[in-house]
Amino acid sequence: MGVIDRLLGRESRSLENPTIAISASADEIMAFFGQVDRNVQLPPVTIESALEVPAVWAAVGFASRMLASIPLPTYKKGPNGQSVRQDGALQMLLNEAPNPEWTSFGWRQYMWQQVFTGGRGCTWIERQGSKPVALWPMDPSRTTVARIGGRKVYRFDGREYPAADVIDVVFALRTDQLGVYGPIAKGRKAIGLAIAMAEFAGTFFAGGGVPPMALEGPLPQGIDAFKRATADIQRAIDMAKKAGRSFFGMPPGHSLKAIGIDPDKGQMTEARLYQLQEIARLYSLPPVFLQDLSKGTMANTEQQDLQLVKHFVTHWAKAFEDELNLKLFGQRRRSQWVEHNLDGLQRGDFKSRIEGFARAITTGQIMPDEARAMENRPPDPSGAGSRLYVQGATVPLGTVLAGPNATPAPNDAGTDADQEKTDDVDQPPA
């Protein structure tokens, strides 16, 4: 017998026989009234549905915008082996306009968005000979990766591109070294739970905060009569809500009883906050950057800034730098390279920054002009800022600085030996 028969009391019941159900299960009752799916599964998760979760949207947006905004200068080795910053066509491609249609920020943001959703971001390098002249982002949903004759190739819009001409940044590689794992696909259960809780909250409050109810009392005979009775009760509830009344009439001998759990008792607020933290964990982001300040203080939020740079930005910056250096300059060409400038992310507040510059200058670590350049200020026109300085006040105790050479000052009290020596020298002959 089905759930309808058990609801209407048509099934023989026995407390002694455990194979005969006494009543319909809660899931069957809820499914009968259309409240839940019989399979009790989480909602399906796609990239589009996942981005509707505020925490996922914040994580993808924040991470992609931040990594796209970091300066990406190119360097070459100087005559003495030092790093010399370059300017030219490649610098323009990476930091201004990779092609006539895209800005540098837009290109890198698009690529990182694909990495943090589907797991892969690709860019084709257009060359004239061996010289890169443009960078074109590729849609990863229309890009396939295969290995032909032992070589990796990328198929996009009916064309094949060798791996040497495609910048490919992935979230995590599969064991075949071709496919990728995406954070949304691997975190679909955590994201699906967040979607389910959001849908429950929307349904609950859209219904006026009234949970599913059970009608208690003499049940009408027959399925049609039962449906009419439930329709009458629902109509009474709707009319009461529409009229703004706090009560409505019930048939004699009947009452309504809430089914399910109170959202407050189910710790729904805490559960939704925990899912936000789960999504932050999925991307290895400190929760404060997903606007979760529930445990934030003035002290630990600043520490999370440092954690962001050390344990998130540097990892992805290194992955992008290595891919650019390999594809732009070749496997063995090391006279040129690309490297992110992370100084802007580690600037700190104005007071800490200035104190840091002062200490670095007075200890001979950087020149004043270098500190001024970090603040986008011009060099010292006198030329004195292009020298290293060291604090000169650290001298032996008792030293008197009187000119270029420091001489020890006499001790006021002196020692017995000094006094004897002074006596021997200064005393006139007898």
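1. Helices here are DSSP runs of H or I with at least four residues, strands are runs of E with at least two, and both are numbered from the N terminus. Gly-106 is found in helix α6. Gly-106 is buried, with a relative accessible area of 19%. Buried means under 20% relative accessible area, exposed means over 50%, and partly exposed lies in between (1.4 Å probe, protein chains only). Gly-106 and Arg-65 stand 41 residues apart in sequence, and their C-alpha atoms are 9.0 Å apart in space.

2. A word on the basis of this note. The model is predicted, so local features need pLDDT of at least 70 and side-chain atom pairs count only at pLDDT 80 or more, while totals for chains, interfaces and linings use all residues. Residues are numbered from 1 along each chain as its sequence is written, and side-chain values use heavy atoms, with hydrogens and water left out.

3. Now the overall picture. The protein chain has 14 helices and 13 strands. Of its 430 residues, 32% are buried. Take the contacts (heavy atoms within 4.5 Å) between residues at least 6 apart in sequence. Among these, 58% join residues at least 24 apart.

4. How do helices α4 and α6 cross? Two packed helices are described by the angle between their axes and the distance between the axes. Helix α4 covers residues 54-68 and helix α6 covers residues 104-115; their axes come within 8 Å and cross at roughly 140°. Axes are lines fitted to C-alpha atoms, for helices over the stretch in contact, and angles run from 0 to 180 degrees between N-to-C directions. The two helices are therefore oblique to each other. The cut-offs are under 35 degrees for roughly parallel, over 145 for roughly antiparallel, 65 to 115 for roughly perpendicular, and oblique for the rest.

5. The crossing of α4 and α6 is right-handed. On the α4 side the contact uses Val-60, Ser-64, Arg-65, Leu-67 and Ala-68. On the α6 side it uses Phe-105, Arg-108, Gln-109, Trp-112 and Gln-113. These residues divide into five nonpolar, three polar and two charged. Ala, Val, Leu, Ile, Met, Phe, Trp, Tyr, Cys and Pro count as nonpolar, Asp, Glu, Lys and Arg as charged, and the others, Gly among them, as polar.

6. Next, the aromatic rings. Rings of Phe, Tyr and Trp (its six-membered ring) pair if their centres lie within 6.5 Å; planes under 30 degrees apart count as stacked, over 60 as edge-to-face and the rest as tilted. By this rule the count comes to 13 aromatic pairs. One of them joins Phe-116 and Phe-171, edge-to-face, at 6.5 Å centre to centre and 80° between the planes. The pair links distant parts of the chain, 55 residues apart. Phe-116 sits in the loop between α6 and β3 (120-128), and Phe-171 in the loop between β8 (166-170) and α7 (183-186). Phe-116 is buried at 1% relative accessible area, whereas Phe-171 is partly exposed at 26%.

7. Trp-124 and Tyr-161 also pair: their ring centres are 5.2 Å apart and their planes are at 50°, so the pair is tilted. Trp-124 lies in strand β3 and Tyr-161 in strand β7 (residues 159-162), so the pair ties together parts that are 37 residues apart in sequence. Trp-124 is buried at 18% relative accessibility. Tyr-161 is buried at 7%.

8. Which residues form one aromatic cluster? They are Trp-107, Trp-112, Phe-116, Phe-171, Tyr-283, Phe-312, Trp-316 and Phe-320.

9. Val-145 lies in strand β5 (residues 143-148) and has 17% relative accessibility. Not counting residues up to four places away in sequence, Val-145 touches Arg-120, Lys-152, Val-153, Tyr-154 and Leu-178. Its C-alpha atom is 7.5 Å from that of Gly-179, 34 residues apart along the chain. Gln-91 lies in helix α5 (residues 89-95) and is buried at 11%. Leaving aside neighbours within four places in sequence, Gln-91 is in contact with Leu-72, Pro-73, Thr-74, Arg-85, Gln-86 and Glu-96.

10. Last, the backbone. Gln-177 is not a glycine, yet has a positive phi of about 65°. Gln-177 is in the loop between β8 and α7 and is partly exposed at 47% relative accessibility. Ser-284, also not a glycine, has a positive phi of about 60°. Ser-284 is in the loop between α10 (268-283) and α11 (298-329).

Conventions
Left-handed = near helix turned anticlockwise from the far one by under 90°.
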